[in-house]
Amino acid sequence: MAGGSGTRLWPLSREQYPKQFLKLLNERSLLQNTALRVARLEDSAPPLVIGGDAHRFVIAEQMREIGFDQATVMLEPEGRNTAPAAAVAAHYASTHFGPQALVFLLAADQAVENTPAFVAAVEAAAKVAATGKIVTFGIQPTHPETGFGYIKAGPAGEHGAFEVAAFVEKPVLEKAQAFLDEGGYYWNGGMFLFRADVFLDELKRLEPEMHAASLQSWNHAVKDIDFVRLEPTAFKRCRNESIDYAVMEKTANIALVPLDAGWDDVGSWTYLGKLPATDASGNRLRGDVIVEDSQDNLVHASTRLVSLVGMKDTVVVETEDAVLVAPRERVQEVKKIVQKLKKAKRTEAETSPRVFRPWGSYETVALADRFQVKRIIVKPGQKLSLQMHHHRAEHWIVVSGTARVYCGEKNFLLTEDQSTYIPLGHTHRLENPGKVPLELIEVQSGAYLGEDDIVRLEDVYGRTPAAKA
């Protein structure tokens, strides 16, 4: 499941590029790490990634980068929580692999330190699920966490599993500590393993309307290029509900398998503050950072030098267009900043300077009255839509790679250090015919420079004439 906005990791995470697509822990994104981790499971099929329309090309590109060209990307018309996502995943698995196919449902934005232990726990859970149980994973707690729900284990069963005695809501600190002292309580990590038919039977019994609506949405889904679009009218009839409330807390057909693999929810900057320090003073530094007389800080620099003097227990996150500074104990309140940005209709809440498109990406380098400068990267073999603008002209300068340019009736190649002019109102297209990325600088000039001044005449990606589709 790769939906969600991840506002607690702002300013790195934005609505159009949330945390699951960020490279926070290593050279892979959280989504990519999750896909590679589950690929270690025996007899695993190519992943099914469920996400939103706005993120479809990012998901597809990140899957392609790690060699999962056969991954299926399913698009929800709108976010409806985890129960409808589980339902359509089960319908998908039943259709393609048979009613008794095992479905492993998990979020794309979690971290696991010990992959072999993770694989061992999941493969043990598969044996339990094959017998007809819906398996939930209980994360071995390491501290009295108040941000997670808990699961109380019951009597032991087969294959290292337990019965489930109770689901417990997020506790206060004293109660969380009591859970650890007593033992037998696990964090609820939101991961589930079940046979498709078993889950769908329980869903039909407990949530018949959701079962019917999800089935109709799946049955009338359509293929759109490389994506599967769920039928929107039926899907929106699914109640906005978590899988825990819809099924897990109501069914008796459930088992718990403990998971002790260094799991954590990368939900906020608090988690990243738990990672190993990068210097002797307990600081966790990433990017171009210099500190002096500073201890136990988390500093993430993206585009420039960040320096700290005499700071302690502080979080500093720098991006090209925004900077966050907060005491570590209050960093969860960053969501209040995001709410204010949205209320003020500031773009910093939704988009980052670098905008991803199916053909590559672009970022604004400079913007002022009547001109804008962009850095554009086009992937090998890709091309932009055939388009025109009503209000602006463009100058293209090739920095590296080879560009094929269509402008009016002309069709020609440009190489490094060459340039061309696209007059206002002229039909044009940019293409990368080479085998290396094409990088160019685009200088726009005109009375209006908004992204909605694009009229698409032809598009290989099936997007609508609206620029932001």
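This is a predicted model: local features need pLDDT of at least 70, side-chain atom pairs count only at pLDDT 80 or more; totals for chains, interfaces and linings use all residues.
Numbering starts from 1 along each chain as its sequence is written, and side-chain values use heavy atoms, with hydrogens and water left out.

Okay, strand 17, residues 314-318. Helices (H or I, at least four residues) and strands (E, at least two) are DSSP runs, numbered from the N terminus. Is strand 17 mostly covered or mostly uncovered? Covered: 5 of its 5 residues are buried, meaning under 20% relative accessible area with a 1.4 Å probe, protein chains only. Thr314, Val316 and Glu318 point one way, Val315 and Val317 the other.

Now the neighbours; strands pair if DSSP finds at least two bridges between them. Strand 15, residues 298-301, runs parallel to strand 17, with 4 bridges, and Val299 is partnered with Val316. Strand 18, residues 323-327, is antiparallel to strand 17 over 5 bridges; there, Thr314 has Pro327 as its bridge partner. Strands 17 and 18 make a hairpin, with 4 residues between them.

On to the helices. Helix 6 (196-206) packs on helix 7 (208-219) at about 125°, axes 5 Å apart. Those axes are lines fitted to C-alpha atoms over the stretch in contact, with angles from 0 to 180 degrees between N-to-C directions. In contact terms (heavy atoms within 4.5 Å), Leu200, Leu203, Lys204, Arg205 and Leu206 of helix 6 meet Pro208, Met210, His211 and Ser214 of helix 7.

Notes
Buried means under 20% relative accessible area, exposed over 50%, partly exposed in between (1.4 Å probe, protein chains only).
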